[in-house]
Structures are given as structure tokens and as C-alpha cells.
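Notebook open, model loaded. I'm jotting down what I look up as I go.

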Amino acid sequence: MSQKGNALELNRYGLPRWRVPDALWVAAIGLAGGLLYRFVFPSISAECGAGEAQPWSSLTNGVWMLAGFVALAVTRRPGAMIIAESLAALLSVLLSGQTHAEIELAGKTRMVLHPLVFTGLLQGMGGETIFCLLRYASWGPWVWLLSAAGCTWFSYISGIYVTKCYVLFPAPVQAGIFIATFLSTAVLCALPAWWLGRRLFDTYRG
Amino acid sequence: MENAAKSASRPASWWFGWTARDWAVVLVCGVVFGLIYRLWDDLYTMMLVEWGWNLAPTSLINGMWFMGGFVPAAITRKPGTCLFGESLAALVEVTVGPYTIDVGDFGAEIYRTVYIAGQGYPVFNMVLYVGILEGLAPEYVLGWFNYRRWDWTVWVLAGAAGGLIEFCTGIWMTHYYVFESTWTFWGLLVTSIIGVGLIGGSAAWAVGRIVWRGKEERI
């Protein structure tokens, strides 16, 4: 078995079985992440100048992926990252004054739910993909780094197509934003998540 | 499980256990359905613009936008085939010309222009990323059953996830949905899920049933 010590109970499809404590953990982490996304991280981002033309200011972007990575590291249940990240994004949007945004749909301006909710869903999906393809059986550092790359890629896509905030920058700055976001996601989220999961689920090694 | 113990940080087999046959199925289906999507772009625009069909009932045939991923997944039953087939189909769709259509944000052109505060910026055609998302959402549902269950229920669930994500991309990414009323909004949501889930999912289930009849023990 790949997991020793705190062994995961498997369902009849061979995947980790969801139990009530897992759901509670994911919900709690998602709600805590929503509070952080609303009340703590925006000021940190603004302090570091994220969203300006210097790519290095994107070195704080990893904080926006924290909830999903922590939830998946703590529970290792299928879908934990998508659920926690979407929940955190939804809560942070609901807590902000701006729950809806004007979007031009086929030439008409409409009020729809704020696009940051979709951004959160995309980030969770991007990070969860590699674990899903590997059947939630591999939890090594390289898998976590691939997950960080997927998360970075989908967050960049949402910056281009959903919120459109990156479109304004020239291509070299966009490349710099991508690299800086990946580095910060790897250092702030993926490697701590790997370490946390190893401490929780694997036997102590040396 | 024994393989997983040997290499905890690597997959048990290279590239999700795909064989040469799986590669062939994914590549052929991706290219063929990409060309079909390219033709369907023109047809779909004709339905909505020239013939003036309502968006909500027209979405009942949206399941065909998912066949580039559903068909290889139903035939091979391997992880990742839905995602890669659909992504390849979307890439072929936005790459292959001639570009005869320019309506909204969903025509086939490699580069599109996004206007922000009056100034135009070129971006890669977002239909490629819509295709990636449309392959990814059903992939999760198949993966959450560990690629072991391929019955009708699972296919309908996978298709429903695809319909939901397609609805979201239409609102927040491509911006081509227009809602005359609240009824169109909810109707579009319902018909997207029914069209992709019930109809597209059933089609994929039928394809898999024909291919795998009597061979279930090979899984």
C-alpha cells in the first residue's frame, strides 16, 4: 500500500472513501480560506503591488491557491481541492460588497454572479487534474509540483479570459507573471502541502 | 497497489497506462471530431443567427460538442482520454480554416481580439480552453469512479458536469449567451444539462456498450 500509518479506507472503486470528518475538514478549510481571501490577502497583494506591470509582484499569487491545496493535503479525498477552492472563492465574493458584476453577453450588458467564483472553480480544477489522472494514488513532491503547474496555468487562463486583467500586459510580462505565479504556488502551496500530507498519512522516515 | 508502493511519487505505468491502440483512438477521434466541430461552427451559427432558433432548445444538441472526448473515453476506458481527445479536437477546430464566420466570440480563428477600454488586444482563441474545460469536467466524474464504472448513470453524471461547465464558460469566458428573460437563463441551464448529460451521455454509453460488449473482463 502506498499509504502507511494513518491508512486511508478505500471505497469499492479503490479510491479514498469520503467520511463525515473529511467533509467537515474540507468545509472548514474552504470557509477559512474564504475569510482569508476576503479580509487578509487583498491587502497583502496590494502591498506587494500585484496586478501592476512588474511580474515579480505576482510572487504573492500563490496565496490564492492555499485553500484547495491544504484541503487536499489534509484529507486526500477525490474532489477535495475543487470543493474547497470553489467554496473559498464563493464565500470571499459573497462577503465582499460586490457579489455581481456587469458582463457583456452577446452585445447586452447583464448582471451575473461575479466571475471570481468561476476563477476559483478553474483554479481548483487545474490543481486537481493530475491527481485525478493518477487515480488519487500518487502523492509525491513531483505530483504536487505538477498540480501547482496546472493551478498556475488555469489561473493564468482565467486572468486572460475570465477577469481579463492580464490581457493589458505585453507578452514578456505575461510570461513573467506565469513564472512568478508558478514559483509562488510551488513554494507557498505545493511543497508545504506535500510535507503536510506526508506527515499526516505516511510513516515517519528518518 | 503493489506498483503504487514501489513508486509512490510516480504513476504505476507510463502515461496513465495508455497502449498504442489507445493513442491511435484518441488521436484519430480528436482530429476527426475537430473537423466536425469546425463544420458545426458554421451550422450552429446558421441555426442561431440566420434561422433565429432560440438558444435554450438549441442547447439540447450541445452533446455533440463533447463527442471528441466522450467517444475515445468510451472506446478506450483509460484515464485522460476524455481530456486529451477533447483538447485535441478543440485545437484542430480553432486551427483549421477557412475562417468564414465572424459572429460573437465563438468563431474559428486562431487569434481573437479582446477590447478593453476601447483598445483591442490579441488573445489566443478561447474556444481551445473551452474545449479543455469541456474535456476536463467529465474526466473528473469518470475519475471519481476510478475509471471502473462505465454504466449509464456515470455517463449521465459526466455529461451533466460537462453541461454545467459549458454553461459557465458561455457566461464568463466566451460571453456568447444572451438572456432575453430569466426563463431563458434557467431554461438554458436545464437544456444544457439535459442535452449534454442525458443525450450526449447516453450516446457515449451506447458507443462504449457496442465496443465493450462481452469484453468487460478485460478492464
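Strand β1 (residues 100-105) and β2 of chain A run antiparallel, joined by six bridges. I'm using DSSP runs throughout, numbered from the N terminus: helices are H or I with at least four residues, strands E with at least two. Two strands pair if DSSP finds at least two bridges between them. I looked up one bridge: A:Ile103 has A:Arg110 in β2(A) as its partner. Two residues sit between the strands, and A:Ala106 takes a positive phi near 50° in this hairpin.

Housekeeping: this is a predicted model, where local features need pLDDT of at least 70 and side-chain atom pairs count only at pLDDT 80 or more, while totals for chains, interfaces and linings use all residues. Residues are numbered from 1 along each chain as its sequence is written, with chains lettered from A and ligands numbered from 1 in the order in which they are written.

Buried takes 20 or more other C-beta atoms within 10 Å of a residue's own, exposed 12 or fewer, partly exposed in between, with C-beta atoms placed from the backbone.

Next, the side facing chain B. I find 36 residues of chain A in contact with 35 of chain B; contact means C-beta atoms, placed from the backbone, within 7 Å. On the chain A side, β1, β2, α5 (116-133) and α6 (141-161) each supply at least two residues. α6(A) gives the most, with six. By class I get 25 nonpolar, six polar and five charged residues on that side. Nonpolar covers Ala, Val, Leu, Ile, Met, Phe, Trp, Tyr, Cys and Pro, charged covers Asp, Glu, Lys and Arg, and the others, Gly among them, are polar.

Then a helix pair. α1 (residues 20-39) and α4 (residues 80-95) of chain A pack at about 40°, axes 7 Å apart. The two are therefore oblique to each other (under 35 degrees is roughly parallel, over 145 roughly antiparallel, 65 to 115 roughly perpendicular, the rest oblique). The contact includes A:Gly30, A:Gly33 and A:Gly34 of α1(A), and A:Ala84, A:Leu87 and A:Ala88 of α4(A). Its classes come to 12 nonpolar, four polar and one charged.

Last, chain B. I count eight helices and two strands, in the order α-α-α-α-α-β-β-α-α-α. Of its 219 residues, 46% count as buried. Among chain B contacts between residues at least 6 apart in sequence, 75% join residues at least 24 apart.

Notes
Two residues are in contact if their C-beta atoms, placed from the backbone, lie within 7 Å. Axes are lines fitted to C-alpha atoms, for helices over the stretch in contact, and angles run from 0 to 180 degrees between N-to-C directions.
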